[in-house]
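Subject: Structure for you to look at

Hello,

Here is the structure I promised to send. Please open it next to this email and follow along.

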Amino acid sequence: MKFLTFIAILALIWVIGLFAFADRVRDFTPAPEPERADAIVALTGPSAERVNAAIRLLEQDKGERVLISGVNREVRRQELRALTPGSNKLFNCCVDLGFEAEDTLGNAQEIAAWAEAKDYDSLIVVTSDYHMPRALTEIRAAAPGVRLTPYAVETPSLDNSRWWKAAVTARRMTLEYMKYLAALGRATVGGGRPSTEAAPAEKAA
């Protein structure tokens, strides 16, 4: 009986945590105007909007450079440039591409190495709203001395207080919550995947 009570309490805590996580996700958008940082980093995702948002911030002089982390190795610089707004001159001079990261933990390691190489102390982090808590957790663990400012891209389907009533949004939020808990656990114990020396991000032309 005590064991069942313990399991029920754990389940209740998990559910409360999920709804608190969902509220936090929704609070990230609309993203407020960020203060200027040393640079901007964008974590690639299912659409080009994350990258587009980072380029717009660069155009507004919110940072010195942009790192696009997690670029597919098969994507050429010119192809990525064609999908983004802004001038060719700005993209060519001030945007670096990172090809090493394959997941969020890899993004964090790639971003940390880039920030260290560039001697950056502050970054604006651009990713989707639901992905932001996990991204910040992983980057802070990889680069504890760097100040991070979130700039989230809104996911329209999650901008609803009843997200849990739709299977698609409930699944996305729940899966991301579980991944966030895993990232939080890694950061807490200081573990995770062994760090590898990532190749430097592609230099801007």
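**What I found**

Asp 119 has a relative accessibility of 60%, so this residue counts as exposed, the cut-off being over 50%. Keep in mind that this is a predicted model. Asp 119 sits in the loop between H5 and E4. Its phi is positive, about 60°, although Asp 119 is not a glycine.

Asp 61 also has a positive phi, near 60°, and is a residue other than glycine. Look for Asp 61 in the loop between H2, residues 49-59, and E2. Its relative accessibility is 45%, so Asp 61 counts as partly exposed.

Now go to H5, residues 104-118. Is H5 largely enclosed by the rest of the structure, or largely open? Of its 15 residues, 11 are buried, so H5 is largely enclosed. Among the buried ones are Leu 105, Ile 111, Ala 112 and Trp 114.

Two packed helices are described by the angle between their axes and the distance between the axes. Take H1, residues 2-27, and H7, residues 167-189. Their axes are 10 Å apart, and the angle is about 100°. Angles of 65 to 115 degrees count as roughly perpendicular, and therefore H1 and H7 are roughly perpendicular to each other.

Which residues meet there? H1 brings Trp 14, Gly 17, Leu 18, Phe 21, Ala 22, Arg 24 and Val 25. H7 brings Met 173, Thr 174, Glu 176, Tyr 177, Met 178, Tyr 180 and Leu 181. By class, this contact has 10 nonpolar, two polar and two charged residues.

Look at the spacing of those numbers. An α-helix has 3.6 residues a turn, so residues three or four places apart point the same way.

**A buried histidine**

His 131 lies in the loop between E4 and H6. With a relative accessible area of 6%, under the 20% cut-off, His 131 is buried. Leaving out residues up to four places away in sequence, His 131 touches Leu 43, Arg 50, Thr 104 and Glu 176.

**The disulfide**

How many disulfides does a search of the whole structure find? The search finds one. Cys 93 and Cys 94 form it, with their sulfur atoms 2.3 Å apart. The angle about the S-S bond is -75°, and the link is left-handed. Cys 93 counts as partly exposed, at 36% relative accessibility. Cys 94 counts as buried, at 14%.

Last, go to Thr 29 and Pro 30. A cis peptide bond joins them, with omega about -5°. Pro 30 is in the loop between H1 and E1.

Best wishes

Terms used. Residues are numbered from 1 along each chain as its sequence is written. This is a predicted model: local features need pLDDT of at least 70, side-chain atom pairs count only at pLDDT 80 or more; totals for chains, interfaces and linings use all residues. Side-chain values use heavy atoms; hydrogens and water are left out. A disulfide is a pair of cysteine sulfur atoms within 2.5 Å. Buried means under 20% relative accessible area, exposed over 50%, partly exposed in between (1.4 Å probe, protein chains only). Axes are lines fitted to C-alpha atoms, for helices over the stretch in contact, and angles run from 0 to 180 degrees between N-to-C directions. Helices (H or I, at least four residues) and strands (E, at least two) are DSSP runs, numbered from the N terminus. Angles under 35 degrees count as roughly parallel, over 145 as roughly antiparallel, 65 to 115 as roughly perpendicular and the rest as oblique. Contact means heavy atoms within 4.5 Å. Ala, Val, Leu, Ile, Met, Phe, Trp, Tyr, Cys and Pro count as nonpolar, Asp, Glu, Lys and Arg as charged, and the others, Gly among them, as polar. The expected span of a helix is 1.5 Å times one less than its number of residues.
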